[in-house]
Amino acid sequence: MTDASAYLDWNATSPLRPAARAAMERSLGLCGNASSVHRSGREARRVIEQARAQVAALAGVAPEQVVFTSGGTEANATALAAFPDRRLIISAIEHDSVLANAPGAARIPVTRDGVADLAALESLLAQDKRPALVSLMLANNETGAIQPVEQAARLVHAHGAIFHCDAIQAAGKLAFDFRDLDCDLMSLSAHKLGGPQGVGALILARGLEIAPLIRGGGQERGHRAGTENLPGITGFGAACAEALAGLAAYRRVAELRDLAQARLKEIAPNAVVFAADAPRLPNTLCIAMPGVPASTQVMALDLAGVMVSAGSACSSGKVRRSHVLEAMGAPESQSECAIRVSLGWTTNEAEIGRLVEAWGALYARSRASAA
Amino acid sequence: MSAAMIRGANTPPVYLDYQATTPCDPRVVEAMLPFFTEKFGNPHSLTHSYGREAEDAVEQARAQLADLIGAEPREIVFTSGATESNNMAVKGAAHFHRQFGRDQIVTLATEHKCVLESARALEAEGFRVTFVQVERDGLVDLGRLARAITDKTSLVSVMAAHNEIGVIQPLKDIAALAHQKGALFHSDGAQAVGKIDLDVEDIGLDLMSISGHKIYGPKGVGAIYLRRRPRARITPLIDGGGQERTMRSGTLPVPLIVGLGKAAAIAQTEMAGEAQRLLALRARLLNGLKARIPDLVVNGNMDKRLPGNLNLSFPGVKAVDLIASCPGLALSTGSACTAAEVEPSNVLKALGLGEEIAASSLRLGLGRFSTATEMDVAIETLASAVRRLKSGQGPGVTSASGGTT
């Protein structure tokens, strides 16, 4: 990155961790197909199993519970299609990769702070006795609001339903344990925690059998066919090991996020911080500058070398109204002015300074033109 | 002293499994590396320069791959690999066209497992699937295929080149048969793309699956060709953020896609020369083995075949013993998929080979980095092992020099 720039869009994708890069460069030199019987195949198999153990350690599970996929979207699509006979219940603030793969699902509403309403979940479970699959994310990608996953899972299980958790945005940013959260299925993505794009995982409770989304050669214990993405998987493993070791560093990330939030609120006391009163990911700040459309803010910041986003990075770069902020009851006048600032393990105070300066200058211009 | 003697004890095994996977070409690795590190953007983050840089790279790769098969860039959808592409094509076409009363799929009994498994999953959903048998040379009889296709057929799926016996099916004729009945034509091109000339317009393909790691690109990436005029309509397999014109959601793995694009560009430039070189190497290997093993049997048509493929039966010798006897060679009996199991190939049985002869068969795959010296090592090692196994010495270990250790 050049001196004048500040990458503050880590929830869209994170740079590759050095350990992940090293692991991938090593495995790019290996030729084997991990299913081949000969020596190069066996070597490929060995490094994949090592990576599987590293991913398992991040989630607190046994290696055989980890099914590698092509990414978080595929993991979510697989989870939601895993039990074709079950009705689906999802929260209103799930990522597009959950929403789009669960058409017709019942929606759990959220509070003004962007936290799933457990009483509403309970009544959704109670009012329809058919077996269900419930999906609730661990932390929201736009606001950072951490969801009451453990309590939700307990409710879900009390009603005989199955529980899936999209932990893609939370993994590597906060400590969690698959068993403590009482999950049946959990999705992970490598590129959100310093691994490469194109690889992710679906974690399954011990002994849980699912209907696979991608069928074929029987890889991944029949849960996901396709020749394993060897460098991707080894990079994912190494990134998980480094992310686990680096969780403590997020205390400093949280301080920088809090600094950014305080400085922006100083500049614009009428700015709205979303999910401010909820437990939040340490790196995420979703803030609205009143009266200035998000696209204007994002472009102005980009010109100043500060990279943020107006919500999630998906859907072909279009800036459209956030379904997350809408579900939180934010008026359109606020949600259309919301940007997402997301920090990472290399973010420093100077980068926060550049954000504050550029955002402040835009705010001053908007006040001047309004006056 | 044979060339085999030159190889030291620590020499890596001679790689003869290019149909299972190919090494990433160093030029591909070089093209990918910057996108792992300084150019790490999410190609969907178009509001800043990191994202736009990534998007430009993806679009260049899309054009490179499209060029290789005579398609337009927007007809290319990136996936996680050929397995996903095959699942997407087979299930997606069946699901989409059921609304028009088309509830049948036609495919070959010798397709790759991911096509067969997708077809079986459709059967469980109530679709009808016709698995057409092939002839004894591995090629499909067009009359037999034509009889299977009806006006209820939504998709005809026939692989371009076979992963075990390398035979190349008459794609252009098959496309015509499918289109006569209003069905879409899909081909699993994982083994053929980048190895032989394939032009989607000339053949009349509606859908084709493409693999990265079979063409010296990375694992974990592939593509599907989706015709736009007339449009090949299918239901997506993975929904979400709406990437890839909503046909395949998920953040695109930029480095892998850059690698696939580069691999396609290299293949386009070098394919013709490489094919000639591989044909010569293959002839050297086959002639050498025939001279040493007179009862050697070649499986599958030799004329319509990938230049880098051989499939041979060694009568009187079990393939598992032969593999165990040749640690200096990276060999396989057939498809690498099925979790490292070594069992007789279904394809060979479909060709009419008996259980015993099928169990004595090896697939030998040659590729970009194969050398004449390696062919000589392979001839020497295999011939010695066969001689020893036939004389009842059991599957001991044959060193690269042909002696027993």
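Two strands count as paired if DSSP finds at least two bridges between them. I kept that in mind while going through this predicted model.

**Entry 1: the sheet in chain B**

I looked up how the strands of chain B are arranged. An open sheet of three strands has the order 9-10-12, and its pairing is antiparallel. Which strands stand at the edges? I noted strand 9 (297-298) and strand 12 (361-365) of chain B there; each has a single partner strand, so one side of each has no neighbour in the sheet.

I then followed one pairing. Strand 10 (residues 309-313) of chain B pairs with strand 12 of chain B in the antiparallel sense, over five bridges. I found B:Ser313 opposite B:Ser361, the latter in strand 12 of chain B.

I also checked what lies across these strands. Helix 8 (residues 254-292) of chain B lies across strand 9, strand 10 and strand 12 of chain B, and runs at about 10° to strand 10 of chain B.

**Entry 2: one helix in chain B**

I took the span of helix 12 (residues 372-390) of chain B. This helix has 19 residues and reaches 27 Å from its first C-alpha to its last, close to the 27 Å expected at 1.5 Å a residue. What follows helix 12 of chain B? I wrote down B:Gly392, which has a positive phi, near 80°.

**Entry 3: the sheet in chain A**

I turned to chain A and found an open sheet of three strands, with the order 9-10-12 and antiparallel pairing. Strand 9 (272-273) and strand 12 (338-342) of chain A are the edge strands, each pairing on one side only. Strand 10 (residues 284-288) of chain A and strand 12 of chain A are joined in the antiparallel sense over five bridges. For A:Ile287 I found the bridge partner A:Ile339 in strand 12 of chain A.

**Entry 4: helices 9 and 12 of chain A**

Two packed helices are described by the angle and the distance between their axes. I looked up both values for helix 9 (residues 294-303) and helix 12 (residues 349-370) of chain A: the axes come within 10 Å and cross at roughly 130°. Helix 9 and helix 12 of chain A are therefore oblique to each other. Their crossing is right-handed.

I listed the contact residues. Helix 9 of chain A supplies A:Thr296, A:Gln297, A:Ala300 and A:Leu301, while helix 12 of chain A supplies A:Leu355, A:Ala358, A:Trp359, A:Leu362 and A:Arg365. By class, this contact of helix 9 with helix 12 of chain A has six nonpolar, two polar and one charged residues.

**Entry 5: helices 1 and 7 of chain A**

The axes of helix 1 (residues 18-28) and helix 7 (residues 230-245) of chain A come within 8 Å and cross at roughly 155°. Among the residues in contact are A:Ala23 and A:Met24 of helix 1 of chain A, and A:Gly235 and A:Ala238 of helix 7 of chain A. The residues of this contact divide into ten nonpolar, four polar and one charged.

**Entry 6: between the chains**

Last, I compared helix 1 of chain A with helix 1 (residues 26-36) of chain B. Their axes come within 12 Å and cross at roughly 170°. That makes helix 1 of chain A roughly antiparallel to helix 1 of chain B. The crossing is right-handed. Which residues meet here? From helix 1 of chain A I noted A:Met24, A:Glu25 and A:Leu28, and from helix 1 of chain B, B:Val29, B:Met32, B:Leu33 and B:Phe36. By class, the contact of these two helices has six nonpolar, no polar and one charged residues.

Terms used. Residues are numbered from 1 along each chain as its sequence is written. Chains are lettered from A and ligands numbered from 1 in the order in which they are written. This is a predicted model: local features need pLDDT of at least 70, side-chain atom pairs count only at pLDDT 80 or more; totals for chains, interfaces and linings use all residues. Side-chain values use heavy atoms; hydrogens and water are left out. Axes are lines fitted to C-alpha atoms, for helices over the stretch in contact, and angles run from 0 to 180 degrees between N-to-C directions. Helices (H or I, at least four residues) and strands (E, at least two) are DSSP runs, numbered from the N terminus. Angles under 35 degrees count as roughly parallel, over 145 as roughly antiparallel, 65 to 115 as roughly perpendicular and the rest as oblique. A crossing is left-handed if the near helix is turned anticlockwise from the far one by less than a right angle, and right-handed if clockwise. Contact means heavy atoms within 4.5 Å. Ala, Val, Leu, Ile, Met, Phe, Trp, Tyr, Cys and Pro count as nonpolar, Asp, Glu, Lys and Arg as charged, and the others, Gly among them, as polar. The expected span of a helix is 1.5 Å times one less than its number of residues.
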